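Have a look at the structure, then read on.

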Amino acid sequence: MTNITWTNAQKHAIKFNEPERLPVSAAAGSGKTAVLPERITVRALKNIVKPSRLLVVTFTELAANKMKAKIMSSFRDLRDTAKDAYERDHIDRLIRELPLARISTIHAFCNHILLLSGRIHGQRG
């Protein structure tokens with residue numbers, strides 16, 4: 001996890017712990033690509049969310065790739081400092097599962113849905 005000094009609104013988004021989904025909408029440059037990876041990392045470590053169940057939609061491929069990279073980097077850093085084998089194994093599972101997370105642009109996500117829909121209905125994608 002990072003050593004960033006978070007604003008109160010960013011802390012709220014990271015720590016928000018209601019069962020409903022959390023839409024995060026904020027202006028460009030407000031820290032979404034820092035806050036969301038932190039939130040995902042914290043919740044994954046606590047077994048609140050599984051990476052394979054994530055859908056994170058952003059506007060640019062650059063932002064999506066940065067978020068994926070930040071999450072993976074956090075997991076690797078945490079694995080390197082794990083206090084015991086159980087914690088290390090848990091983090092290793094998160095690392096293996098992260099590629100299954102849907103972190104992409106809205107266009108890439110919709111394209112994925114269309115490809116799946118075509119396969120379901122017997123069409124080639």
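This is a predicted model: local features need pLDDT of at least 70, side-chain atom pairs count only at pLDDT 80 or more; totals for chains, interfaces and linings use all residues.

How exposed is arginine 79? Its relative accessible area is 25%, so arginine 79 is partly exposed; the partly exposed class runs between the 20% limit for buried and the 50% limit for exposed.

Arginine 79 has another partner to look for: aspartate 80 forms a salt bridge with it, and here the closest N and O atoms are 4.0 Å apart. Aspartate 80 has a relative accessible area of 60%, so it counts as exposed.

Which residues does the network of salt bridges link? Its members are Arg79, Asp80 and Asp92.

## The remaining charged pair

The structure holds 3 salt bridges in total. One of them joins lysine 83 to glutamate 87, with 4.0 Å between the closest N and O atoms.

Are the two partners buried or exposed? Lysine 83 is exposed, because its relative accessible area is 70%. Glutamate 87, at 26% relative accessibility, counts as partly exposed.

## A nonpolar patch on the surface

Now for side chains of another kind. Leu55, Val57 and Ile106 form a nonpolar patch on the surface, and together they have about 240 Å² of accessible area.

Where is isoleucine 106 found? This residue is in helix 5, which covers residues 106-120. Isoleucine 106 has a relative accessibility of 39%, so it counts as partly exposed. That value also passes the patch cut-off, because patch residues need over 30% relative accessible area.

## Confidence in the model

How confident is the predictor overall? The protein has a mean pLDDT of 87, and 90% of its residues reach 70 or more.

Among the elements of the protein, helix 4 has the highest mean pLDDT, at 97. The lowest mean, 80, belongs to helix 1 (residues 8-15).

Technical notes
Residues are numbered from 1 along each chain as its sequence is written. Side-chain values use heavy atoms; hydrogens and water are left out. Patches are made of residues with over 30% relative accessible area and no salt bridge: like charges are joined within 9 Å, nonpolar side chains (Val, Leu, Ile, Met, Phe, Trp, Tyr) within 5 Å. Accessible areas come from the Shrake-Rupley method with a 1.4 Å probe; for residues, only the protein chains shown count as cover. A salt bridge is a side-chain nitrogen of Lys or Arg within 4 Å of a carboxyl oxygen of Asp or Glu. Helices (H or I, at least four residues) and strands (E, at least two) are DSSP runs, numbered from the N terminus. Buried means under 20% relative accessible area, exposed over 50%, partly exposed in between (1.4 Å probe, protein chains only). pLDDT is the predictor's confidence in each residue, from 0 to 100.
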